[in-house]
Amino acid sequence: MKRRIIVGLSGSSGVIYGIRTLMHLRGTADVETHLVLSEGADVTIRIETRYGVEEVKAMADVVHRPDNLAATISSGSFITAGMIVVPCSIKSLSGIVHSYADNLLARAADVCLKERRKLVLVVRETPLHKGHLEMMARAADLGALILPPMPAFYHEPQRIEDLVDQTIGKAFDYFGLEHHLFRRWGEGRSGAE
């Protein structure tokens, strides 16, 4: 049986992180992706990328409408391996932390928390004020993994996609997904020791 992973794209800048997550998961034979695009993500895809919304939806195995609170992923009885919200806007973070599940993205994340399933929040905002930090701390207390897209350079990135994929790879590590999205520390390092 395939592992079901929910991918939520919110309206934050950095929607390419979500698109590339879907691209890489599409090539993973034992994973079934369930996609939720917030209304804001729909707009951000058009503003920030050359991808069409329908093209992004086609990367997922199953697509859910953000207003469909009766979708399978809104129930704890529908077994999933968890969810990645990538990027995660502060608005979505707030909805998740406060269990304000007025859309399917927030509801699916809330289900992951209540069922003790993996939830990765790729929070995309800067700078952060104390309220943002408190919500991230609260999400971590509830069981979410906070994974802001902070680029690393030990893998000697050559393209922007290398920086994006390193963050995605960290999320995949959390789910135990095998990948080759970045060179790990100490593997074939070209610099002096």
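User: Let's start with Ser92: is Ser92 buried or exposed?
Analyst: Bearing in mind that this is a predicted model, Ser92 counts as buried, because its relative accessibility is 13% and the cut-off for buried is under 20%.

User: Which element is Ser92 in, and what does Ser92 touch?
Analyst: Ser92 lies in helix H4, which covers residues 90–97. Setting aside residues up to four places away in sequence, Ser92 touches Ser10 and Leu105.

User: OK, and Asp165, buried or exposed?
Analyst: Asp165 is buried, with a relative accessible area of 5%, and its place is in helix H7.

User: What is Asp165 in contact with, then?
Analyst: Once its neighbours within four places in sequence are left aside, Asp165 is in contact with Arg20, His24, Leu181 and Phe182.

User: Where does H7 sit relative to the strands?
Analyst: Helix H7 lies across E1, E4, E5 and E6, and runs at about 165° to E5.

User: Switching to the sheet, what is the strand order?
Analyst: The sheet is open and has six strands, in the order E3-E2-E1-E4-E5-E6, with parallel pairing. Strand E3 (62–64) and strand E6 (145–146) are at the edges and have a single partner strand each, so one side of each has no neighbour in the sheet.

User: How many bridges hold E2 to the strands beside it?
Analyst: E2 is joined to E3 by three bridges, with the two strands running parallel, and E1 and E2 pair over seven bridges, again in the parallel sense. As examples of residue pairs, Val36 stands opposite His64 in E3, and Arg4 has Glu32 in E2 as its bridge partner.

User: How many of E2's residues are buried?
Analyst: Six of the seven residues of E2 are buried, so this strand is mostly covered.

User: What about the nonpolar core, which residues have the most contacts inside it?
Analyst: The largest nonpolar core has 30 residues, and those with the most contacts inside it are Leu9, Leu22 and Ile84. At least two residues of this core come from each of several elements, including strand E1 (3–9), helix H1 (15–26), strand E2 (31–37), strand E4 (82–88) and helix H7 (160–175). Another core, of 25 residues, lies apart from it, and Ala71, Leu93, Leu121 and Met136 are among its members.

User: Now the whole chain: how many helices and strands?
Analyst: The chain has seven helices and six strands, and from the N terminus on its elements run β-α-β-α-α-β-β-α-α-β-α-β-α. Its radius of gyration is 16 Å, close to the 16 Å given by the globule rule for 193 residues, so the chain is as compact as a globular protein of that length.

User: What size of box do the C-alpha atoms fill?
Analyst: Taken along the principal axes, the C-alpha atoms fill a box of roughly 55 × 40 × 35 Å.

Technical notes
Residues numbered from 1 in each chain as written. Predicted model: local features only at pLDDT ≥ 70, side-chain atom pairs only at ≥ 80, totals over all residues. Heavy atoms only, no water. Core = buried A, V, L, I, M, F, W, Y, C linked by side-chain atoms within 4.5 Å. Buried < 20%, exposed > 50% of the residue type's maximum accessible area, 1.4 Å probe, protein only. Helix = DSSP H or I, 4+ residues; strand = E, 2+ residues; numbered from the N terminus. Pairing = 2+ DSSP bridges. Contact = heavy atoms within 4.5 Å. Axes fitted to C-alpha atoms, helices over the stretch in contact; angles between N-to-C directions. Rg over C-alpha atoms; globule rule 2.2 N^0.38 Å.
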